[in-house]
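Please have the sequence and the coordinates open while reading.

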Amino acid sequence: MKRVIQEASVIGRAFLYEILKRVTALKDVMDKSLSGLERLEFIRTRTIQPDLEYIFKHALTQEVVYNGLLKKERQALHERIGLIMEQLFHDRLPEFYETLAFHYKQGQSISKAVDYLIKVWREKP
């Protein structure tokens, strides 16, 4: 359960089930972990449609869990999350430019972060 909540915390306060499923190495216990985290009231279901999304009940919980990870581990997870988001949302990337820029910046892929930030500014009316 600990590793699943750590990975979720890197995705953000709100996190899509599909992204977590692709990030985690603990796919076989992920659903059970999420149910346990809901029972313990660390997270709750935010939306079911169009995509299953969870949210940390308290921002502080997400922040504490996130800061409990080693910086190098957080960077690697941010990088992986960015790659997964590019694959998962390839047909609707403009919706995620800002989020992708954030994850790549945190993952130390500065050039990719800058590219996405430029795209954000080009998309603004």
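## Basis of the values

This is a predicted model, in which local features need pLDDT of at least 70, side-chain atom pairs count only at pLDDT 80 or more, and totals for chains, interfaces and linings use all residues. Residues are numbered from 1 along each chain as its sequence is written, and side-chain values use heavy atoms, with hydrogens and water left out.

Helices (H or I, at least four residues) and strands (E, at least two) are DSSP runs, numbered from the N terminus.

## A cis peptide bond

Most peptide bonds are trans, and most residues other than glycine have a negative phi. The bond joining Gln-49 and Pro-50 is cis, with omega at about 0 degrees. Pro-50 sits in the loop that runs between strand S2 (43-47) and strand S3 (53-56).

## Positive phi angles

Glu-41 is not a glycine, yet its phi is positive, at about 65 degrees. Glu-41 belongs to the loop between helix H3 (27-39) and S2. Its relative accessibility is 48%, so Glu-41 counts as partly exposed (between the limits for buried, under 20% relative accessible area, and exposed, over 50%; 1.4 Å probe, protein chains only).

Gln-108, also a residue other than glycine, has a positive phi near 75 degrees. Gln-108 lies in the loop between helix H6 (97-106) and helix H7 (110-123).

## A buried glutamine

Which helix holds Gln-62? Gln-62 is part of helix H4 (residues 59-67). Gln-62 counts as buried because its relative accessibility is 15%.

Neighbours within four places in sequence aside, Gln-62 is in contact (heavy atoms within 4.5 Å) with Ser-9, Gly-12, Arg-13 and Phe-56.
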